[in-house]
Amino acid sequence: MAVLTTAALPMFVENITDCLPVSSGRTIRQWLLSHPDLLHQGLLTAIRQAFKESGQAKGAPTDTDRRAFLLRCLTAVVDPFDVPAATEEVNEAWFQPDYLAMLEACALYGIHLMRDLFDRFSETSGAQSDEDAAINKLNGRLLTDAGVSERIKMVYQLTHVEALERLLDAAWKERSGARYKYRSTVVLENGEARWTVDRDAFVAGPHGLTWIRNGVIWFGQGHVCGGQPIIQYEDKAALRLNKSNIESSRDLWRAGPTLAVDNGATAATL
């Protein structure tokens, strides 16, 4: 039987964001660019306001609304960027520290969200990481493509929206904090924007945002925390989710979580 391998990150992103317009990431980036002062109140407040101004939220935000604008933080870094060439009229956004911190925070949020969803998917679908894992079954039946899609959406709904908001707030506080205050001058070339801060390098371009830490792709282009998690199928049945090098984020969903970003090192505390 043929075995098919699919990159887990884009598959998860596609399934949990299927309710959003294709341009949702670009839309949120453009809105924040035109309202730079709003980021001084925090990224969560800015995202809420952007969603409200889009006309999609009326009155007090419902749980569905809150999940939708939180997902826009993810699409803000996975959607392609239109980066001007250095010889053209340069968009001042690339020289605004708060804008760069916003992108970094959204990427950090995406790392912990995806890492937790991979862990929950493995638990609820029976996916295993070892080579001898049994074929996944649900109520005695093989998981089909549709079943995998349904399972991905379900594990996202299992995460409380308040926990997601706390995570985004922690990510923003970290990337806008003193440790990451000094960023290199952005370089615009070949349709990409590049900058560095502390031990991190970032590239924004046609493939979305790529985060490189200590020479390793930390997030973007199918990577999460330096690994490339995959889902394998056999006869359209998921065999396992290989999430090597991906640690659990379970503690992040508890009250007062600690945000750990590298080998257990503490980066920010709520």
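In the predicted model, strands S6 (residues 200-205) and S7 run antiparallel and are joined by six bridges. The two strands form a hairpin, with two residues between them. Within this pairing, Gly-205 lies opposite Gly-208 of S7.

Strand S7 spans residues 208-213 and is mostly covered, five of its six residues being buried. S7 is also paired with strand S8 (residues 216-220); this arrangement is again antiparallel and comprises three bridges. Here Arg-213 is placed opposite Val-216 of S8. S7 and S8 likewise form a hairpin with two residues between the strands, and in this hairpin Asn-214 adopts a positive phi near 50°.

The largest nonpolar core of the model contains 71 residues. Leu-43, Trp-94 and Met-114 are the residues with the most contacts inside this core. The greatest contribution comes from helix H5 (residues 97-125), which supplies 16 residues.

The surroundings of Met-114 were examined with its neighbours within four places in sequence left aside. On this basis, Met-114 is in contact with Leu-9, Phe-12, Val-13 and Ile-16, and also with Leu-74 and Val-224.

Methods: Residues are numbered from 1 along each chain as its sequence is written. This is a predicted model: local features need pLDDT of at least 70, side-chain atom pairs count only at pLDDT 80 or more; totals for chains, interfaces and linings use all residues. Side-chain values use heavy atoms; hydrogens and water are left out. Buried means under 20% relative accessible area, exposed over 50%, partly exposed in between (1.4 Å probe, protein chains only). Helices (H or I, at least four residues) and strands (E, at least two) are DSSP runs, numbered from the N terminus. Two strands pair if DSSP finds at least two bridges between them. A nonpolar core is a set of buried Ala, Val, Leu, Ile, Met, Phe, Trp, Tyr and Cys residues joined through side-chain atoms within 4.5 Å. Contact means heavy atoms within 4.5 Å.
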